[in-house]
Amino acid sequence: MESLFAGQKAPSPDEIEDRAAAETEEPALPLAQRAEPGVQTDAGQAEQASAPPETSRALALSDVIAPKARAGETLIRMAYRLGVPRQALAAPFRRASPLRVLATVEAAAPGDRAAGTALRAGHFLVQGVKQPIASLDFTGSTRLSPGIERAIHSFSWLADLAASAPRADCVPVAERIAKAWLDAHRTPARGTPWEVELAGLRLMAWLVHAPLVLSGNDPGLKPRLLEAIDDTADWLDRKAASAGAGLGQVAGWAGVTAAGLLLPEGRPRRLYGEARLIRALGDMVGEDGGVLARCPAAQIEAIRLLTDLIACYEAAEVEAPQALFVMRELLVPPLLALRHGDGGLGSWQGQGAVDAHRLAALIEATGVRTRPLAEAGHWGFHRLRARDTQVQIDAAPPPRARHARCGCASTLAFELSDGAARVIVNCGGAALAGGQVPARIGQGLRASAAHSTLVLDNANSTAVELHGKLGRGVETVEIERRLLGDEGRDGVRIEASHDGYEARFGLTHRRVLSLRADGTELAGEDILVPAGRKGKRGKIGFAIRFHLGKGVEARLSEDGRGASLLTADGKLWQFRLRGDSAAAGDIALAVEDSLWVDGEGRPHPTEQLVIEGLTSRGGGQFSWLLRKTG
């Protein structure tokens, strides 16, 4: 598919969406034409309340497109799965071909040029942390930051290196690092380097960027690396299925499929791998194209993997299954729905705010032309847009334990941007802890208090456990979205509620957000509703937090019921408490310290507005308003 941006510079924040909307041909996905339910829609009917989605419902790819398989191919897959050697299946009457990579892969997903330049200067640059190559312990006996450890063992740095300079300038660096890694990991073993996800990503990187590591001057490296490629492919044949549903299993089967395409006598492996890959993709992705981990980083990695794998099919001159194209085209719209006015992503499920250029380069590499996801029943991140103002809200339960990667208790949190300025954000960055973000802070960044939402009694709406997992809490989110006025001329309203505090406090949190059609006003209500017929007695502490974007200056008004918010580019927003509840003596508005983690893992000191006080255990209502005044 021809790239939308071929021969042009990286697009500005909204160009991908605007150009897709201007296309006269059919969009990338043959889906029903539906207007985005925002304030600029021409739809005449208000959206009705939707039933709470079952977030564990995976996508059955056969519902989208049934993979084609001849009877002979089915028998080959079965025989290979049962252990028949691929040589006996692919070429039973010929001598085995020498081990080599059969084709050179082009048009793969782009890497990070800055990180590649740093490698040529002698150090890894991952999430803003520099690690000299000369002092690096590749065996893993020395503790490294999780980001650097992942980059080293997945060999994702090969894409960065390839993006930084001509191949001849990169080969010596690639050879140096590959040799050091092979010296430390001669055979498949246990430990981090041999997690299925990292092994699959590593095998893909070796095959896609083979010219960097197989065409150098070291005569001993090429046979060693070819042997490692073959051993890793054999190991993944046996182990890929052992990874849990999600990106790990997808990466493992993608590596197996790529090896089947680019190594001799690979047809049985390729047929076996692609069938398992399509099944794994269905287990990872929800019906609307969002990964069940609800994690933007996993969404990005899945798109990169499919782009690289499709490039492998092209290099081998083999027709790729249509399901892989369909899946890639399903994955892009949910990701675009999390894009702010500056072109970067919002801070959700532990990720930092992914840079606009990185996102635009990835979408350009896919060649997919489509609009942001309009209805997010399973992905769960809803998007309101009015002129320069964009609002994102997390209106779905957190990912289930088996899908969570760095799960956060962020239900009903929201972010707001005005053009390139991020006004209200979430802290983000929990998944990047261990680099520039201290590891001890990472757990706190997953808490409800690190998100722009309501918190009761300093408790998380969903229990935050170790190693990125989540416990009990939010099970159901009910949501209604409708247009205001005639054909949405007055704006759009979204109302959502969750049950995360029902078991402990007997209260349901309901949040209502109404965005005016001109984008100058966001009215909000946070309502606590008794879960039973009779509310409990007494009072309980609450806090409604609004984390402010980088560079936003906050100043409280004289009456203590409002604040002015001045962005770094000179835009002025006014925050105001509304209603009689704001005048009560046990409720106050304050400005407190906060932090925000960018897409490179750098923490930035920021501020937050906090509505804090006591409320009746029988329920309460707190109204507020954000208005643009300059």
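Figure 1. Leaving aside neighbours within four places in sequence, Gly200 is in contact with Leu236, Ala251, Gly252 and Gly255; contact means heavy atoms within 4.5 Å. The place of Gly200 is in helix 9. Helices (H or I, at least four residues) and strands (E, at least two) are DSSP runs, numbered from the N terminus. Gly200 counts as buried because its relative accessibility is 0%; buried means under 20% relative accessible area, exposed over 50%, and partly exposed in between (1.4 Å probe, protein chains only). Gly200 and Ala240 are 40 residues apart along the chain, and their C-alpha atoms are separated by 8.2 Å. The model shown in every view is predicted: local features need pLDDT of at least 70, side-chain atom pairs count only at pLDDT 80 or more, and totals for chains, interfaces and linings use all residues. Residues are numbered from 1 along each chain as its sequence is written, and side-chain values use heavy atoms, with hydrogens and water left out.

**Figure 2. The whole protein.** The protein has 18 helices and 18 strands. Of its 630 residues, 56% are buried. Among contacts in the protein with a separation of 6 or more, 70% are between residues 24 or more positions apart. The accessible surface comes to about 26200 Å², and 48% of this belongs to carbon and sulfur atoms; accessible areas come from the Shrake-Rupley method with a 1.4 Å probe, and for residues only the protein chains shown count as cover.

**Figure 3. Helix 6 and its cover.** Helix 6 spans residues 146–154 and is mostly covered, with 7 of its 9 residues buried. The buried residues of helix 6 are Gly147, Ile148, Glu149, Ala151, Ile152, His153 and Ser154. Their cover includes strand 1 (123–126) and strand 2 (129–132), together with helix 7 (157–164), helix 8 (167–184) and helix 9 (196–208). Just after helix 6, Phe155 takes a positive phi of about 60°.

**Figure 4. The nonpolar cores.** A nonpolar core is a set of buried Ala, Val, Leu, Ile, Met, Phe, Trp, Tyr and Cys residues joined through side-chain atoms within 4.5 Å. The largest nonpolar core has 106 residues, of which Phe124, Trp157, Leu158, Trp206, Leu207 and Leu309 touch the most other members. A second, separate core of 47 residues includes Ala386, Ala395, Phe414 and Leu565. Not counting residues up to four places away in sequence, Leu309 touches Met204, Ala254, Thr257, Ala258, Leu261, Leu277 and Leu324. In soluble globular proteins, nonpolar side chains tend to be buried together.

Figure 5. The structure holds 4 cavities of 30 Å³ or more. A cavity is a set of points on a 1 Å grid over the protein atoms alone where a 1.4 Å probe fits but cannot get out, and lining residues have an atom within 4 Å of a point. Grid points are joined across faces, edges and corners, and a volume is the space filled by probe spheres set on the points. The second largest cavity has about 60 Å³ of space. Its lining consists of Trp181, His185, Arg186, Thr187, Pro188, Trp194, Trp206, Ala228, Asp231 and Thr232. Helix 11 (residues 221–239) gives the largest share of this lining, 3 residues. By type, the lining residues are 5 nonpolar, 3 polar and 2 charged; Ala, Val, Leu, Ile, Met, Phe, Trp, Tyr, Cys and Pro count as nonpolar, Asp, Glu, Lys and Arg as charged, and the others, Gly among them, as polar.

Figure 6. Most residues other than glycine have a negative phi. Gln349 has a positive phi near 50° and sits in the loop between helix 15 (322–336) and helix 16 (356–366). Gln349 counts as buried because its relative accessibility is 1%. Asp457 has a positive phi near 55° and sits in the loop between strand 7 (454–456) and strand 8 (477–484). Asp457 counts as partly exposed because its relative accessibility is 45%.

**Figure 7. Gly419 in a loop between strands.** Gly419 lies between strand 5 (414–418) and strand 6 (421–425). At 15% relative accessibility, Gly419 counts as buried. Gly419 touches Gly341, Asp342, Asp388 and Lys571, residues up to four places away in sequence not being counted.

Technical notes:
1 Å grid on protein atoms, 1.4 Å probe; cavity = no way out; pocket = protein on both sides within 12 Å on 5 of 7 lines; lining within 4 Å.
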